[in-house]
Amino acid sequence: MFKWKKINKFKYLEIKSFKENGCNAYFTSRKGGVSKGNYDSLNLGLHTKDKNSNVIKNRKIVANNLNINFSSITTASQVHGNNVHIVSKSERGKGSCNYNNSIKNSDALITNLKNITLFSYYADCVPLYFFDKRRKVIGLAHSGWKGTIKKIAVKVLHKMKAKFNSQLDDCLIGIGPAISGNYYEIDNKIAQKFKNEFSYTDQFLVVKNNNKYLLDLPKLNKIILINEGIKAKNIYESQICTFSDKENFYSYRRDQGKTGRMASIITL
């Protein structure tokens, strides 16, 4: 389960079950930082139009409060694809202070190294957390509608098995805060892409009106994971909507693109 925690003004979620098995996994809120205006206040995205100096200060606030070594923060460029990258020792710290130095063309990162902290950034897309509790392998995936159609979650699991021999029964999965099926409206063109890919659209796609649909991305990711063989009891859902909770979260859709980013964080 995801549990709210607070240190002074810094507010965040922790996946309790991950911690009990030897892994720290968090999701930040928008509270406790130094950014102003549309980015008020804990914006962690260097690819936004916020001041880089503010974003770096915010990342250091997160690191200090969570007892993370700032130089261990490692992140990807996130291009709404399904590329999965295994982070090596030499890549430790990539993207921590400079977006252009991020790991290129990847939306998912995996590592088994203890001194690397994976970060990924969000303002409505689905944050996915992966933890092989037996072989101590961790991963994050940024799953928007494009990544979900391409089944980025399945690609992460396949890569974990190929590289580290991870077994599905040993894997814990977290599904973090994202825009919910109550608010994520898509047009018929995008809906058709899902209909072409999935035979069970009635489980996550609802007809609204005027060729509009409501799409439940967190639910679809859960279905994809279960169909792949992950046990439902090993999937921990936040069931929190970023769009409807303006106090705690940025939302790209709600804020019409002028907004900050929260982070999913995982480290052994």
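**View 1. Asparagine 24, a partly exposed residue of strand β3 in a predicted model.** Asparagine 24 counts as partly exposed because its relative accessibility is 26%; buried means under 20% relative accessible area, exposed over 50%, and partly exposed in between (1.4 Å probe, protein chains only). Strand β3 spans residues 24-28, strands being DSSP runs (E, at least two residues) and helices likewise (H or I, at least four), numbered from the N terminus. Leaving aside neighbours within four places in sequence, asparagine 24 is in contact (heavy atoms within 4.5 Å) with Lys19, Ile265, Ile266 and Thr267.

This is a predicted model in which local features need pLDDT of at least 70 and side-chain atom pairs pLDDT 80 or more, while totals for chains, interfaces and linings use all residues. Residues are numbered from 1 along each chain as its sequence is written, and side-chain values use heavy atoms, without hydrogens and water.

**View 2. The surroundings of aspartate 107.** Aspartate 107 is placed in the loop between β5 (84-86) and β6 (108-111). Its side chain makes a polar contact of 2.7 Å with that of histidine 142, and a polar atom of the aspartate 107 side chain lies 2.9 Å from the backbone nitrogen of glycine 81. Beyond four places in sequence, the residues touched by aspartate 107 include Gln78, Asn83, Leu140 and Ile152. A polar contact is a pair of N or O atoms within 3.5 Å; within protein, one must be able to donate a hydrogen and the other to accept it, and residues adjacent in sequence count only if both atoms are side-chain atoms.
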